[in-house]
Amino acid sequence: MCGIVGCVSAENCYEKIFTALTRLEYRGYDSAGIAVLNADGVSVRKKKGYVSNLKGKPFAGDTGIGHTRWATHGKPSDANAHPHVCGKFALVHNGIVENYAALRAALVSEGETFFSETDSEVIVKLISRAYTGDFFSAVVQACGQLKGSYAIAVLCADYPREIVCARQGSPLIAGASRDALYVCSDVPALCGAAEYICPACDGEFFRIGEGEICFLDKAGRQIEKTFVRVAPENRAASVSAGTFMEKEIAEIPRALADTLESLQKTDFAPCARALRQAERIFAAACGTALNAAQAFKDAAESEARCPVFCFAASEFRYRDPLIGEKDLFVAVSQSGETADTLEAARLAKARGAYVLAVTNIAQSSLAALADFAIVMRAGPEIAVAATKSYNCQLLCLYYLTAQIKFYRVQEFPDWFCRLGELPAAAESAFGCFPQISVLAAKLKNERAMFYLGRGADVRTAAEGALKLREIAYIFAEGYAAGELKHGTLALVEDGFPVLAVSTSEKLAAKTENALAEAKARGAFTVILSQNERAISESCADFGCLLPALPEKLMPLVSVIPLQYFACRMCLLRGFDPDKPRNLAKSVTVE
Ligand code: AGP
């Protein structure tokens, strides 16, 4: 998704901005650009495609802005890439200007010419028209006309060492080091560059100037802010061999161990009242985090006997949900910047609910907005496909389930004391990888697949299927095994792959029945189970033995072979698992 960087430096800034943009590449983008202030006014280089296209003789100048664009309004092209320029101004923008069509029409009728199809270009035009010599006021006036979300960084040729920034609904962070001051949309952009950071809140502006960053409200009144050291989870990540996705799968045992250690040190007392007394619990998230939230619903309802309502965040925010001050709202987001999840959390908060966040980024917008944040310690996740963060989200949500149960009935679930076994079990799950590679080689040319499960395994099936769609570009559907014969079985024909996750002893026979029904119609059947009997006696053509763990904890490891399977399928089909087409790592627009 779009990324912003900007820098007022003691020396030439082009290389600094270029490096920061490369650190944003993992987020997914389709064009990039840099603008630098110098004696010629504003020099701009912007290109469709990779950041590396911006290599070339660096522009001279110590103040500049850069951008990676993920197309929303207008196709990927040089012209639509940011920065956008109008007169003395250059601008980079993240977010969506919802009233851009009306603004653009009005500007065209007043004689303005547009050079791109973007919504962003209207902002720089508005700034230019509002300018009467005061840079900051012109930005404030322009922002006053915008509806929707924006994070912007703007240069003005009359202000050679200044960047004016504004945030509304899209993340923007100020950063500082000894030799440069920065703005960025994502902390990883400044890894190894800034030592201290300070996120802006919605409605805030900041000016990066000669040796200082000044936060202001729209009336120009100064806002007191505190800069904090860049948190360890934002340390730079790199991969020496293979892909980030493979590396991140390999990190699952360590990520689980670190997350568990951090959870054991977390003081839940500040949220005890909400955990004990909430009449209802709501959970909302997107994509992989939504699958984790669904698993939380199952675990919390069964252990704490409290109703949990789980929503796709994009649906929750438009439902006029029945949530109020007696309720607990759990928002799950690896990045903590997903627009839909943030808006859902804002809505829950506005209705008086207690908002608890589960996120991987301590300094994210979600953590800042929440009444209480559980920060997992998955470490930086660079591959677009979430892997280790899913396992860690599940761990946090199961831990939260145990706390809810404890605060309600002074009892922990019986699996609670076994959480320490998870890192070793995750490591054992890697033992399935050689077999999974064989399976991937067999299925790599398939066009569709079904993933089945019952109970908690339905969530694992859904997550496995999402991974396969996302990076291997194979249609896959994950759902309840019992539903197969209510319509979907019609699609099964000779050789069609049907995979079942079966980790519940009570439900095993039922899941195996569904697999048998598929097999009877010619399906190629696969089973994942920790039960040797299921592997040898079921009708599966291919079996994969999972490590033994308490049944309730199985979802934390049974997904690992499926994550690896998707990765292998992707690689065998010749794609890059770290940068799937059309997708972005954190989806900061609606
Ligand atoms: C997962 O593989 C996906 N890339 C995607 O579904 C992701 O989980 C979703 O966009 C939510 O992201 P978040 O956890 O950062 O909020």
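Q: Before we look at the loops, what counts as a helix or a strand here?
A: Helices (H or I, at least four residues) and strands (E, at least two) are DSSP runs, and they are numbered from the N terminus. This is a predicted model, in which local features need pLDDT of at least 70 and side-chain atom pairs count only at pLDDT 80 or more, while totals for chains, interfaces and linings use all residues. Residues are numbered from 1 along each chain as its sequence is written, and side-chain values use heavy atoms, with hydrogens and water left out.

Q: OK, how many helices and strands does the protein chain have?
A: The protein chain has 19 helices and 24 strands.

Q: And what radius of gyration does it have against a compact globule?
A: The radius of gyration, taken over C-alpha atoms, is 25 Å for the protein chain, which agrees with the value near 25 Å for a compact globule of 590 residues. The globule rule is 2.2 Å times the number of residues to the power 0.38. Along the principal axes, the C-alpha atoms fill a box of roughly 80 × 50 × 45 Å.

Q: What share of the residues is buried?
A: Of the 590 residues in the protein chain, 61% are buried, where buried means under 20% relative accessible area, exposed means over 50%, and partly exposed is in between (1.4 Å probe, protein chains only).

Q: Which contacts does valine 97 make, and where is it found?
A: Valine 97 is found in the loop between β6 (89-94) and α2 (100-109), and at 1% relative accessibility it counts as buried. Leaving aside neighbours within four places in sequence, valine 97 is in contact (heavy atoms within 4.5 Å) with Leu103, Asp119, Val122, Ile123, Leu146, Lys147 and Ser149.

Q: Switching to helix α8, how many of its residues are buried?
A: In α8, 13 of the 18 residues are buried, so this helix is largely enclosed by the rest of the structure. Helix α8 (residues 287-304) reaches 25 Å from its first C-alpha to its last, close to the 26 Å expected at 1.5 Å a residue, the expected span being 1.5 Å times one less than the number of residues.

Q: What follows α8?
A: Arginine 305 follows α8, in the loop between α8 and β16 (308-312). Arginine 305 has a positive phi of about 50 degrees although it is not a glycine, and at 67% relative accessibility it counts as exposed.

Q: And what about α15, how many of its residues are buried?
A: For α15, 15 of the 17 residues are buried, so it is largely enclosed by the rest of the structure. Helix α15 (residues 456-472) reaches 24 Å from its first C-alpha to its last, close to the 24 Å expected. Tyrosine 473 lies in the loop between α15 and β21 (475-480), and has a positive phi of about 60 degrees although it is not a glycine.

Q: Is threonine 401 buried or exposed, and what does it touch?
A: Threonine 401, found in helix α12 (residues 388-409), is buried, with a relative accessible area of 0%. Not counting residues up to four places away in sequence, threonine 401 touches Phe296, Ala299, Ala300, Glu303 and Trp415.

Q: Last one: which residues does the cis peptide bond join?
A: The cis peptide bond joins histidine 82 and proline 83, with omega at about 0 degrees, and proline 83 has its place in the loop between β4 (63-69) and β5 (84-86).
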